[in-house]
Amino acid sequence: MEISIFGLGYVGCVSLGCLAKNGHRVIGVDVNQFKVDLINKGLPTIVEKDIDTIISEEFQKGKITATVFAEEAVLNSEVSILCVGTPSSSHGHLNLSYIYKTAEQIGEALRKKDEFHVVVIRSTVMPGTNKKIGEIIENSSGKKRGVAFSVVSNPEFLREGSAVKDYYNPSVTVIGGDHEVALKIVASIYEELEAPIEITGIEVAEIIKYVNNSFHALKITFANEVGNICKALEIDSHHVMQIFCKDTHLNISPAYFKPGFAYGGSCLPKDLKGMVTLAHDHYILSPVLNAIHDSNENQKRLAFEIIQRTGKKKIALMGLSFKEGTDDLRYSPSVDLAEKMIGKGYSLSIYDKNVHLSKLVGANKQFIDEHLPHLSDLITNDPMEAIESADIILINHKNFDGHKHKSALSKKSAVIDLVRIEDLENLSNYHGLCW
C-alpha cells in the first residue's frame, strides 16, 4: 500500500520505518526541512532502539522517501496518517492548530485527486477532533466525507525506549470510524501483527489513550503511596507489591473495571479507611488513597441527582444489599441512597430476593436497624408489587431480570439503571448512571 505519514517526530518516524518494514511504500511529510533531509539520507529523526537500522534498510530498498510538500504526499498515497504533534497547555487543553493545518492541506490536495482517500489520526486528540478534521477537509477540498474521503481514529500506544517493540507487539489495535471500506483499509495495514484488532466508534478510539495513560499514572501513584506507607512501617514495599501482582483474578484483571454505582460492603470501606489511617498516623501524605472515598461518595450523589431530576417521589429499589448474591447490607450504597431519599420525603418500595428480615443477625441487623429502621414496611418479596407501586424504578443489582419485567418498566416515568442491564437500554424512559 502507498502510505503518507504527516509529522516525522517520535510516532511518525517509528510508524514510517515499521510500515515500510511491513512491505508498504511510505512517504514522510514534515514542515521541518532538516527532518525531511535526514529521512532522504536513510537516517532517523529520533534516537530509538532499532529504528536507525530499520530506516536505513528500508531506505536502501527504495520504500521510504520524505517531502515538505503535502500535496505531493497525498497524490501519491492511498492513506495519510497524521502523527502531528498536539502539545498540551498548562491547563490540559491541546494545541490542535498543527493538526488542523495539516487537515486543511490534505483537503486542498484532495481537490486534485479523484480516488477515495483515507485519513488516519494517529496523534493523541480529544473526542470530537475526528469530526472537526472531517469538516476542515470537506471545506478545503469541496468534497464530501464518506464519499471522497474518510477519517479514521487509530491511537498509538508506543513507549519511548521500546517503541519499535511496542509497534510490532501491541496488546490491541484500536480503529474507530464510520466508513466500512475505510475501516477495512486501515485494518489491513495491521494484519501482519499478532494482536486483536478492535473496530469501534470514533469517540471510543479518541478517548481510549487518555483512559490508558491516566490509569498508568494512577498505578504508579498508587504503588508509590503504598511504598511510602510500607517504608514508615519498615515493611518491604516491593515484596508487598510483588505478592499483590500475583493475584490475576481480582488485582491485575478485568475485575471491577465496569463503570457503575459506588462500592460498599464490610471490607472495602473498612480496609481503605484503615490504610488511610495508617498513612495519617505516620504523617504520610496519601492524596490518591484519601480521594477514593470522596469519589465513591460522588457516585452516590450522581445517582441521587438523576432521581431528583425526574421530579417524581415514588421510587422502587430493585436490590438493597451492597451487591447481588448476598444479604449483607453493611455499608451498602443502596442503603445510603434509600436513607437519603427517605430523608428527602421520597416514598420507597424495595425488592431484594436475598434480604429476609427474619434472617438478619449480628452486625448486619444492627446496621440496618440504625439506617433503615422501618425496612419491614418498605420491603416486599414480589418484584411486581414494588414496580407497580412506583413511578421510578431504580435498578441496583445486575441479576435483576430486565427482560421479564420489560413491559411493566416501559410504562414508568423512568428506569434508572446503576449496574447496566443492556436488555433495557432501548427503553425510551431508560437512564444509565454513567453510560
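Ile 5 has contacts well beyond its own stretch of sequence: with neighbours within four places left aside, its partners include Gly 12, Ser 15, Leu 16 and Leu 19. Val 26, Ile 27, Gly 28, Val 29, Ile 81 and Cys 83 are also in contact with Ile 5. The model is predicted, and the points below are grouped by topic.

**Nonpolar cores**

- The largest nonpolar core has 37 residues, and Ile 5, Leu 16, Leu 19 and Ile 81 are the ones that touch the most other members.
- Helix 1, which covers residues 10-21, supplies the largest share of this core, with 7 residues.
- Another core, of 31 residues, lies apart from it; Phe 304, Leu 372, Leu 378 and Leu 418 are among its members.

**The chain as a whole**

- The protein chain contains 17 helices and 14 strands.
- Its C-alpha trace spans about 80 × 60 × 35 Å along the principal axes.
- Of the 435 residues in the protein chain, 46% are buried.

- Six strands form an open sheet in the order 11-10-9-12-13-14, and their pairing is parallel.
- Strand 11 (379-380) and strand 14 (430-432) are the edge strands of this sheet, each pairing on one side only.
- Strand 13, made of residues 414-417, pairs with strand 14 in the parallel sense over 3 bridges.
- Within strand 14, Gly 432 is the bridge partner of Asp 417.
- Strand 7 (residues 173-176) also pairs in the parallel sense, with strand 8 (residues 197-200), over 4 bridges.
- Ile 175 has Ile 199 in strand 8 as its bridge partner.
- Together with helix 8 (residues 180-189), strand 7 and strand 8 make a right-handed β-α-β unit.

**Glu 324 in its loop**

- Glu 324 belongs to the loop that runs between strand 9 (314-318) and helix 13 (333-343).
- The relative accessible area of Glu 324 is 31%, so this residue counts as partly exposed.
- With neighbours within four places in sequence left aside, Glu 324 is in contact with His 397, Lys 398 and Asn 399.
- Asn 354 is 30 residues from Glu 324 in sequence, and the two are 8.1 Å apart in space from C-alpha to C-alpha.

**Cysteines**

- How many disulfides does the structure hold? The number is 0.
- Is Cys 230 buried or exposed? Cys 230 is buried, because its relative accessible area is 6%.
- Cys 245 has a relative accessibility of 42%, and therefore counts as partly exposed.

Note on methods. Residues numbered from 1 in each chain as written. Predicted model: local features only at pLDDT ≥ 70, side-chain atom pairs only at ≥ 80, totals over all residues. Heavy atoms only, no water. Core = buried A, V, L, I, M, F, W, Y, C linked by side-chain atoms within 4.5 Å. Buried < 20%, exposed > 50% of the residue type's maximum accessible area, 1.4 Å probe, protein only. Helix = DSSP H or I, 4+ residues; strand = E, 2+ residues; numbered from the N terminus. Contact = heavy atoms within 4.5 Å. Pairing = 2+ DSSP bridges. Right-handed = clockwise from strand over helix to strand, strands pointing away. Disulfide = S-S within 2.5 Å.
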